[in-house]
Amino acid sequence: MATDTSIDSARLLREQYKDGSNLSARIRLHQRFSTNRYGQMRWMFDRIQLPDNARVLEVGCGTGLLWRGRPQVPGGWRVILTDMSDGMLRETRASLTQLGHSFSYMQADAQAIPFRDESFDAVIANHMLYHVPDIPRALGEVRRVLKPSGVCYAATMGLANMKEMDELAARFFSIPRMTESTARFGLESGEAYMRGAFSEVKLERYPDSLVITEAAPLMDYICSMRVRTRVSDEQIAALRTHVENEIAKHGEIRMTKDSGLFIARR
Ligand SMILES: C[S@@+](CC[C@H](N)C(=O)[O-])C[C@H]1O[C@@H](n2cnc3c(N)ncnc32)[C@H](O)[C@@H]1O
């Protein structure tokens, strides 16, 4: 039975991802200030090793970042992008049309994937499993729709990821963390879930960090997060002043990044 807390978090999740605006604010910070200029999505795309003709499913595709700026998607790949948010999918479809590759789109919950058993060569679940209420069920669904030779790619963050944000949260918002995502399905906690569903699991980390030289994109990032619903305008204003002062004094704010990709086989 759904509890008040689970209803509340489902509502906040729907609100957070009703369209691509919140996610895009966070992507912008990473795109502008990440020190590893190769790009995490390009690095992930390199790891998707499939034959020229393959069926690929992405669950929780968000704004379709993995596929943007990727003219090399093989023409023989049939790629189906799914997300639980219809608003997100609408924006993604509009932005990917320029790419020239023919993607398919479908609204779907990763916990009940609307496709036949053993019908995909790859299933991608990037930075989304920590949002899913029943993670073993979602991974069971991913396994079910994968062909016996199929591969699951699941990206997430480690506990150290942007730990400096949690120090700011503790100091200015009197809460221990800005996000609980990595505790639910992170590089540390995710492995046991992956091993519960797959017989072979490999983890690759992407080395990176942030050197942020402008206050506004960092504040946009923070205000795009769910934590914004729990803090006052005064708390945000105090944090903004602190961030502006730090950047004026030191020229930058540095943050740790810790993210990686599970690559799993049935
Ligand atoms: C942090 S975003 C990541 C988007 C994209 N994969 C990326 O890496 O940029 C999480 C996405 O998962 C979607 N999502 C959350 N729970 C979901 C579920 N149970 N089934 C399908 N999509 C879900 C959200 O709507 C959102 O678009």
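Contact here means heavy atoms within 4.5 Å. The model is predicted, so that local features need pLDDT of at least 70 and side-chain atom pairs count only at pLDDT 80 or more, whereas totals for chains, interfaces and linings use all residues. Residues are numbered from 1 along each chain as its sequence is written, and side-chain values use heavy atoms, with hydrogens and water left out.

With that definition in hand, Leu12 touches Arg226 and Thr229, leaving aside residues up to four places away in sequence. Leu12 belongs to helix H1, residues 4-16, where helices (H or I, at least four residues) are DSSP runs numbered from the N terminus. Between Leu12 and Thr229 there are 217 residues of separation in sequence, but their C-alpha atoms are 9.0 Å apart in space.

On the H2 side the contact is made by Ala25, Arg26, Leu29, His30, Arg32 and Phe33, which meet Pro217, Leu218, Asp220 and Tyr221 in H9. Sorted by class, this contact has 6 nonpolar, 1 polar and 3 charged residues, with Ala, Val, Leu, Ile, Met, Phe, Trp, Tyr, Cys and Pro taken as nonpolar, Asp, Glu, Lys and Arg as charged, and the others, Gly among them, as polar.

Turning to the ligand, 20 residues surround it, the closest being Gly60, Asp83, Asp109, Ala110 and Asn126, where a residue counts if one of its heavy atoms lies within 4 Å. The shell comprises 11 nonpolar, 6 polar and 3 charged residues. An N or O atom in the side chain of Asp83 is 2.6 Å from an oxygen atom of the ligand, while a polar side-chain atom of Asp109 lies 3.0 Å from a ligand nitrogen atom.

Conventions: A polar contact is a pair of N or O atoms within 3.5 Å; within protein, one must be able to donate a hydrogen and the other to accept it, and residues adjacent in sequence count only if both atoms are side-chain atoms. Helices (H or I, at least four residues) and strands (E, at least two) are DSSP runs, numbered from the N terminus.
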